[in-house]
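This briefing goes with the sequence and structure shown below. It is written for a reader who has not seen them before.

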Amino acid sequence: MEKRNSTPILIAQNGMLNSKQWLVDHEVLIGREECCDVMVADRQVSRKHARIYQLGDDTFIEDLDSKNGTYVNHKKIEGSTQLHEGDVIQIALIQEFLFISSDATIPLSEEQVYRKLYIDRKNDSVWVSDHKIDPPLSVQQYTLLSCLYENTGCIVSRSEIVSRVWVDSSGAGISNEAIDALVRRLRYRLAEYEPDIDFIETVRGYGFRFQNPIQK
């Protein structure tokens, strides 16, 4: 079966992650730490090794001063370089990935890469289980969700949330109660479309963590 893909995809080739796939619909962090979007559990891979990100319609990969290097088409990169259709990425020469651009037709593997929640940044819309949230989220709710979504699986501190959502306040006068109230409102909106999934986990004493299960 084949499907027209609207978002760039990263496909693991060889190595321990062979055949797994990831949508490049937000910044994708690659490294050894568990909070990385793509975790490569090998000591030759740095804790935070490289990141893939988008600028407009273009996609780039940046080496994060890793110990054993990031390679594109077998050439070691320094800093950032643009990715193109069919580029081969190697992380510390341990794990290889194939980059597929957004206009490619690709075969779907048994392990689907599509998640329960997706943010369409071009249209500033949010989709949950193939349903568009309508009416749209408020500006604050959307900004909070974007902050959590970009750090899926990692703890986002309250101070980081304040700096993203209340940009003009410098953190002054923003209470924990105000943050909790915003989180509750966002949870309520998401539950309207997927009541059985708690996308936002409260990590007491630290902040919040976003979970985005695979859509089967």
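**Helix α3 and its surroundings**

The buried residues of α3 pack against β14 (117-120), β15 (125-128), α1 (139-149), α2 (158-165), β18 (200-203) and β19 (207-210). The model is predicted.

**Helix α3**

- Helix α3 runs over residues 176-191, which makes 16 residues.
- From its first C-alpha to its last, α3 reaches 22 Å, close to the 22 Å expected at 1.5 Å a residue.
- The residues of α3 that are buried are Ile179, Ala181, Leu182, Val183, Leu186, Arg189 and Leu190.
- An α-helix has 3.6 residues a turn, so residues three or four places apart point the same way.
- In α3, the buried residues Ile179, Leu182, Val183, Leu186 and Leu190 are among those listed above.

**Aromatic pairs**

- There are 4 aromatic pairs in the structure.
- One of them joins tryptophan 22 and phenylalanine 97 edge-to-face, with 5.9 Å centre to centre and 70° between the planes.
- Tryptophan 22 belongs to strand β3 (residues 21-23) and phenylalanine 97 to strand β12 (residues 95-100), so this pair ties together parts that are 75 residues apart in sequence.
- Tryptophan 22 counts as buried because its relative accessibility is 13%, and buried means under 20%.
- Phenylalanine 97 has 0% relative accessibility and therefore also counts as buried.
- Phenylalanine 199 and phenylalanine 210 form a stacked pair, with 5.9 Å centre to centre and 15° between the planes.
- Phenylalanine 199 lies in the loop between α3 and β18, while phenylalanine 210 lies in strand β19, so the pair ties together parts that are 11 residues apart in sequence.
- Both phenylalanine 199 and phenylalanine 210 are buried.
- Together with Tyr149, Phe199 and Phe210 make up one aromatic cluster.
- Strand β19, which holds phenylalanine 210, is also among the elements that the buried residues of α3 pack against.

**A charge over a ring**

- Arginine 51 has its charged end over the ring of tyrosine 53, at 4.0 Å from the ring centre.

**Confidence of the prediction**

- The protein chain has an average pLDDT of 86, and 88% of its residues score at least 70.
- Residues 1-5 have a pLDDT below 50, and this stretch has 20 contacts in the model beyond near neighbours in sequence.
- Residues 105-113 also have a pLDDT below 50, and that stretch has 24 contacts in the model beyond near neighbours in sequence.

Methods: Residues numbered from 1 in each chain as written. Predicted model: local features only at pLDDT ≥ 70, side-chain atom pairs only at ≥ 80, totals over all residues. Heavy atoms only, no water. pLDDT = per-residue confidence, 0-100. Contact = heavy atoms within 4.5 Å. Helix = DSSP H or I, 4+ residues; strand = E, 2+ residues; numbered from the N terminus. Expected span 1.5 Å × (residues − 1). Buried < 20%, exposed > 50% of the residue type's maximum accessible area, 1.4 Å probe, protein only. Phe/Tyr/Trp six-rings, centres within 6.5 Å; stacked < 30°, edge-to-face > 60°. Lys NZ or Arg CZ within 6 Å of the ring centre and 35° of its normal.
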